[in-house]
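Open the model in a viewer and keep the selection panel at hand. Please follow the stops below in order.

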Amino acid sequence: MLTFIARRILYSIPVLLVSSFLVFVGVTKTFDPLQKFRIGIKDPNALQRAIDRLGLDKPVYEQYWKWLKGVLQGDFGVSYRTSGEVWPMITRSLGFTVQMIFWGILVALLFAIGIGIFSAIRQYSAADYALTGLSYIGVAMPAFWFGLILIQVFGVWLKQRLGWERSPLFFVGLHSTDSKGLNLDYARHLVLPVLTLSVQLIAQWSRFLRSSMLEVMSSDFIRTARAKGVPRRRVVFRHAFRNALIPLTTDVATQSGLLFGGLVITEQIFSIPGMGRLFLDSLAQGDVYVVLAYLMVTGVFVIIFNLVADLAYGLLDPRVRLS
Amino acid sequence: MNMPILNEEHADLELVQGAEPVARTQWQLFRRRFFRHKLAMLGLVTLIAMFVVCFGARWVAPYKNVTDLLVEPSGPSWKHWFGVDLLGKDFLTANLYAGQISLKIGLFTALISTALGTITGAVAGYFGNWVDQILMRVTDLFLLLPSLVILAIALRKFGKSEFGIILVLSGLGWMGIARIVRGQVLSIKEKEFVEAARAIGGSPSRIIVRHILPNLVGPIMVNASLAVAGAIIAESTLSFLGFGVQAPKSSWGKLLSDGKESIATKAYLIYFPGLFIIAITLAVNFVGDGLRDAFDPQAKH
C-alpha cells in the first residue's frame with residue numbers, strides 16, 4: 001500500500017515538471033506581460049526597469065529554473081499584473097473554489113444517489129423513463145447555457161411574473177457585501193451556481209449508479225438474501241446499494257479532482273472570485289507565475305484525487321488488490 | 001470474420017418456417033440492429049435534417065443572412081419565428097448559418113481527434129515496451145495540461161479561425177480514444193490470427209490496419225460519434241469565454257455569447273442557440289448508443 005502511494009506520487013512528479021515547463025515556455029512566448037508598460041507609461045526607462053526587475057531579458061530556461069527553485073522553497077513568485085505575491089492570491093481564491101466544489105459534489109451526490117436508486121428499483125416505469133430523458137438532456141446541455149437560463153428564469157422572469165422586489169436567489173458572488181459566514185444570505189447565493197455546477201454530475205452519476213445497481217440487483221447474493229426472507233428495503237440499501245457505490249466512488253473521486261480546474265465557467269457566470277476566474281484573468285494578460293501556480297495547485301489536486309480514487313476502490317472492495 | 005452466421009432472433013426464424021434459415025453476415029446483422037434502434041433512428045433523422053437545413057440555409061432560411069438596422073429587435077412572432085437579433089437579422093436565419101460552422105467544427109474535430117487517438121493507441125499497444133511507455137506518458141501529460149492554456153496559446157498563434165479551433169480541439173480530444181484503442185490492441189495482438197499474420201511476414205502497419213483495427217470499428221465509431229457532441233459543446237464554451245470564432249463568422253456558441261449581454265430583456269437570444277446545441281448533442285448521443293448496442297448487443301451499460 002505505502003509503496004503503491006509512493007510510486008504513484010514519484011511518478012507524477014516528472015509529469016508535473018514537464019507540463020509546468022511547457023506552460024511556462026508557451027505562455028511567456030505567446031503573451032506579453034509588459035503590455036501595460038508599452039501603451040500607458042510615457043517614461044522610456046520604465047519599460048527597461050520592468051524588464052530588469054522581472055528578469056525578462058534572461059533566457060527562458062533560466063527564468064523557469066529560478067521559478068522552480070522558488071517553488072521548492074515555498075515561494076511562487078510575484079504577479080506581473082498586480083505586483084503582489086502569487087501565493088496569497090491563490091489561497092484567497094482557492095477558498096471560494098473549495099466551497100463551490102464541496103457544495104457542488106454534496107448536492108450532486110444526494111440527487112444522483114436518490115435518482116439512481118429510485119430508477120433502478122422502478123426500472124422501466126414512467127418515472128424511470130422521465131428521469132432517463134432528463135439525464136440525457138443534462139449531459140447534452142452546455143453547462144454555461146444552463147447557468148444563463150437559471151439566471152434568466154430566477155433573476156428576471158420569475159421576478160417580473162410574481163412582482164418581487166428582489167429575487168429570492170442571487171447570482172453575483174457568494175455573499176452580499178456586508179454578510180459573512182453560513183447564513184441565509186449565503187444559501188441564497190449558493191443555489192444557482194451549485195445547480196449549474198452539479199447538473200451534469202447529477203445526470204452522469206445517476207445513470208452510472210442506476211446501471212451498477214441493476215447489475216448488483218441481478219446477482220446471486222441478492223437473490224439468496226431475498227430468498228431467505230430479508231426485507232426488500234434492507235436488501236436494496238444494505239446489500240445492493242453498498243456494492244453499487246464502489247464503482248461510483250472511483251468516478252466521484254476522479255471527477256472531483258478535475259472540478260478544481262473545471263470551475264472556470266461557473267465562476268465566470270456567477271462572478272465568484274475563485275481559482276477559475278483568477279486563472280482566466282491572469283492568462284489573458286500573460287501573468288505566467290499565477291498561471292503556473294494555478295497549474296501546480298490543480299495538478300496536485302488531480303493527482304491526489306486520482307490516488308484517492310484508486311485507494312478507495314481497494315479499501316471498499318477487498319476483491320481488488322493494489323499492486 | 002465474414003463467415004455467415006444465423007440470426008439469433010427467434011422471431012425471424014418463426015417467420016420463415018419451413019424455409020431455409022436466412023444466413024447473414026456480421027455487417028448485415030449490425031445494420032439490422034442499428035436500423036431497428038428507435039432512438040438511434042430518431043437521432044439519425046434529426047442529425048440529417050440539421051445538416052440539410054444548416055448547409056442548405058441559402059435556400060431554406062426565411063430571410064437573407066444580412067443585418068438590417070432598420071428592423072427593430074423583437075421576440076418570436078409569426079413573421080420571425082425565432083425573433084430578430086440586436087442587429088436586425090432574423091434570428092432563425094442567424095441560427096441556421098451559425099450551425100454551419102458549429103457542425104463543421106464538430107464533424108472535423110471528431111474525425112481528426114479519432115484518427116489521432118486511434119493511431120497513437122494502436123502504435124502504443126502493438127509495439128509495447130518503450131514506445132508504449134513514451135506514448136502513454138505523453139497522453140498523461142495532455143490529460144494534465146490545462147486545456148484552456150493550450151487553447152489560449154494556440155488560438156493566439158493560429159488566429160481564431162475555424163481551422164485553428166478544429167486543430168486545437170482535436171489536439172485536446174484524442175487521449176480518451178487512444179487509451180481505449182491501446183487497451184484493446186494489447187489483448188487482440190496476443191490472438192492467434194495476429195500471430196499467423198506475423199508468421200507469414202505481414203509488416204506491422206499491415207497487421208495493425210488490416211487485421212487488428214477492423215476488430216475495433218465498434219468502439220472507434222461510438223467514440224467518434226460522441227466526439228462530435230463533445231466538440232460542439234467545447235466550441236460553444238470557448239466562444240462563451242471569448243476564445244471562439246470572431247465576427248462576422250458565427251456559431252451557436254458565438255450567438256450565445258453575444259446574447260448573454262441582453263439576457264434581461266431578450267431571453268430568446270440565449271434560448272434558441274442553446275436548444276440547437278442540445279438537439280444536436282442529443283441526436284449524436286442517441287446515434288452513439290445505437291451504434292454501441294448494434295456492435296455489442298451483449299454489453300451492459
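**Conventions.** This is a predicted model, in which local features need pLDDT of at least 70 and side-chain atom pairs count only at pLDDT 80 or more, while totals for chains, interfaces and linings use all residues. Residues are numbered from 1 along each chain as its sequence is written, and chains are lettered from A and ligands numbered from 1 in the order in which they are written.

**Select chain B.** Its C-alpha atoms fill a box of roughly 75 × 60 × 30 Å along the principal axes. Chain B has 14 helices and 2 strands; these are DSSP runs numbered from the N terminus, with helices being H or I of at least four residues and strands E of at least two. Of the 301 residues in chain B, 40% are buried, that is, 20 or more other C-beta atoms, placed from the backbone, lie within 10 Å of the residue's own.

**Colour by pLDDT.** This is the predictor's confidence in each residue, from 0 to 100. Chain B has a mean of 83, with 91% of its residues at 70 or more. Confidence in chain B is highest in helix H3 (residues 38-55), at 92, and lowest in strand S1 (residues 5-6), at a mean of 48. Now select residues 1-13 of chain B, where the pLDDT is below 50. Where pLDDT is low, the predicted coordinates should not be read in detail. The model as a whole scores ipTM 0.81 and pTM 0.83.

Of its 28 residues, 21 are buried, so H14(B) is largely enclosed by the rest of the structure.

**Select H9(B) and H12(B).** H9(B) (residues 175-188) packs against H12(B) at an angle of about 170 degrees, with the axes 11 Å apart. That makes the two helices roughly antiparallel (an angle over 145 degrees). Display B:Gly176, B:Ile177, B:Ile180, B:Val181 and B:Gln184 in H9(B), which meet B:Pro219, B:Ile220 and B:Asn223 in H12(B). These contact residues divide into 5 nonpolar, 3 polar and no charged.

Definitions and conventions. Axes fitted to C-alpha atoms, helices over the stretch in contact; angles between N-to-C directions. Parallel < 35°, antiparallel > 145°, perpendicular 65-115°, else oblique. Contact = placed C-beta atoms within 7 Å. Nonpolar A, V, L, I, M, F, W, Y, C, P; charged D, E, K, R; others polar. Buried ≥ 20, exposed ≤ 12 C-beta atoms within 10 Å, placed from the backbone.
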